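Look at the structure first, then read on.

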Amino acid sequence: MRFERRDSVPPALTVLAPICAVLAALVIAGGLIALAGRNPVTAYGLILQGAFGSRLGLTETLTRATPLILTGLAAAVAFRARLWNIGGEGQFYMGALAVPAIGLLPFVAGAPAPIAILICLIAGALAGMVLLLGPVILKLRFGVDEVVTTLLLNFVVVLFVSMMIEGALKDPLAFGWPQSVPVPPAAELPQLVDRTRLHAGLLIALALPLGVWWLQSRTVFGLQSRAAGLNARAAAFAGVPLARTLMLVACLSGGLAGLAGAIEVMGVKGYVTTDLSPNYGYAGIVIAMLAHLHPLGVIAAALFSAVMFVGADSMSRALGVPSYIADVIVALSLLTMLVAIFLTQYRVRR
């Protein structure tokens with residue numbers, strides 16, 4: 001048996017690959033649930049009921065999906081150009097920290113709500129963008145592996161955030177609890193549904209994949225970034241300015257991850273702590289792979305992950321199965337997706 005590379009990938013195979021990968025992951029995870037002595041069908045039914053069966057569950061699912069869409073999109077944009085940005089977690093925190101930092105400025109705190117919100121969103125995106133530009137410059141100038149630098153920066157940034165919320169940005173009214181000063185009231189994102197946590201950041205998160213899809217499919221920059229991802233040497237030979245393209249991709253990717261942090265702190269938490277993110281940045285990598293790096297597929301992949309995370313809590317309470325099964329399902333989805341991507345590019349021959 002041998003694997004033979006396909007000359008071209010059929011569009012139907014591209015669409016079916018993520019669906020089959022998710023189904024395979026659910027079957028495997030169902031086996032694990034059965035080994036725990038529980039009915040997998042009942043467990044999955046409880047997950048769906050927990051995620052969609054009530055007003056609170058549905059809004060919590062969409063609230064959880066909001067940062068996942070943006071971090072997944074950030075990873076997908078970078079990976080498509082073969083810029084391996086593993087630092088989404090750090091960029092998320094930098095974007096979040098930028099909001100209370102700039103909110104201390106009088107002209108932001110006293111500005112009308114639309115202007116204050118816009119300034120804080122831009123600040124969050126710029127913070128994430130700047131954090132990623134450093135590793136990209138090191139890659140272009142000295143050939144430093146961006147996987148290592150972006151990954152290590154995640155830990156550096158969390159320590160930096162801890163230092164800031166214990167120091168310059170510490171909330172004096174928090175009774176010693178390590179948290180930043182609150183977001184200015186004018187910069188808080190409006191709620192979409194009363195008495196829930198669902199906020200207007202969801203609309204931004206749904207609009208940006210459309211914008212990125214248009215950018216990648218309808219502009220010269222999109223063509224150049226895809227060419228750089230397919231074959232950098234051939235793209236350079238064809239006249240694509242690789243350095244400038246990678247810098248622009250880094251700005252877009254880091255900006256999206258930073259925006260995710262800004263929106264999370266402006267829409268949900270209201271202040272920054274070191275546990276603001278339950279690994280949204282790392283989950284974005286999984287979501288990007290599940291979406292096959294397609295901007296619109298990121299929305300579906302993020303919703304799938306959000307359903308698993310939110311619904312698993314209900315399932316855990318009802319059946320006694322650990323809620324970590326959601327992490328297992330998402331991780332299995334990534335593994336099966338990698339196999340599916342491989343099989344879309346290669347056919348099996350005897």
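Which residues form a nonpolar patch on the surface? M1, F3, V339, F342, L343 and V348 do, with about 600 Å² of accessible area together. This is a predicted model: local features need pLDDT of at least 70, side-chain atom pairs count only at pLDDT 80 or more, and totals for chains, interfaces and linings use all residues. Residues are numbered from 1 along each chain as its sequence is written, and side-chain values use heavy atoms, without hydrogens and water.

**The patch.** Helix α14 gives the most to the nonpolar patch, three residues. F3 sits in strand β1 (residues 2-5). F3 counts as partly exposed because its relative accessibility is 43% (buried is under 20%, exposed over 50%, partly exposed in between). Patch residues have over 30% relative accessible area and no salt bridge, and nonpolar side chains (Val, Leu, Ile, Met, Phe, Trp, Tyr) are joined within 5 Å. A salt bridge is a side-chain nitrogen of Lys or Arg within 4 Å of a carboxyl oxygen of Asp or Glu. Areas are Shrake-Rupley values with a 1.4 Å probe. Helices (H or I, at least four residues) and strands (E, at least two) are DSSP runs.

**Pockets and cavity.** On a 1 Å grid, a cavity is a set of points where a 1.4 Å probe fits but cannot get out; a pocket is an open set with protein on both sides within 12 Å along at least five of seven lines; lining residues have an atom within 4 Å of a point.

| Space | Volume | Lining by class |
|---|---|---|
| Largest pocket | about 770 Å³ | eight nonpolar, six polar, six charged |
| Second largest pocket | about 440 Å³ | 11 nonpolar, six polar, two charged |
| Largest cavity | about 50 Å³ | four nonpolar, four polar, no charged |

Asp, Glu, Lys and Arg count as charged; Ala, Val, Leu, Ile, Met, Phe, Trp, Tyr, Cys and Pro as nonpolar; the others, Gly among them, as polar.

The largest pocket has 20 lining residues; R82, L230, H292, L293 and Q345 are the closest to its centre. Helices α3, α9 (220-230) and α14 (325-345) each give two or more residues to this lining. The largest share, four residues, is from α14.

The second largest pocket is lined by 19 residues, and P18, A291, H292, H294 and G297 are the closest to its centre. Here α1 (11-35), α8 (201-218) and α13 (295-319) give two or more residues each.

One cavity of 30 Å³ or more is found in the whole structure. T71, A74, A75, N85, G88, A257, G281 and I285 line the largest cavity. Helices α3 (55-80) and α12 (280-290) each give two or more of these residues, and α3 has the largest share, three residues.

Key: Grid points are joined across faces, edges and corners, and a volume is the space filled by probe spheres set on the points. Patches are made of residues with over 30% relative accessible area and no salt bridge: like charges are joined within 9 Å, nonpolar side chains (Val, Leu, Ile, Met, Phe, Trp, Tyr) within 5 Å. Buried means under 20% relative accessible area, exposed over 50%, partly exposed in between (1.4 Å probe, protein chains only).
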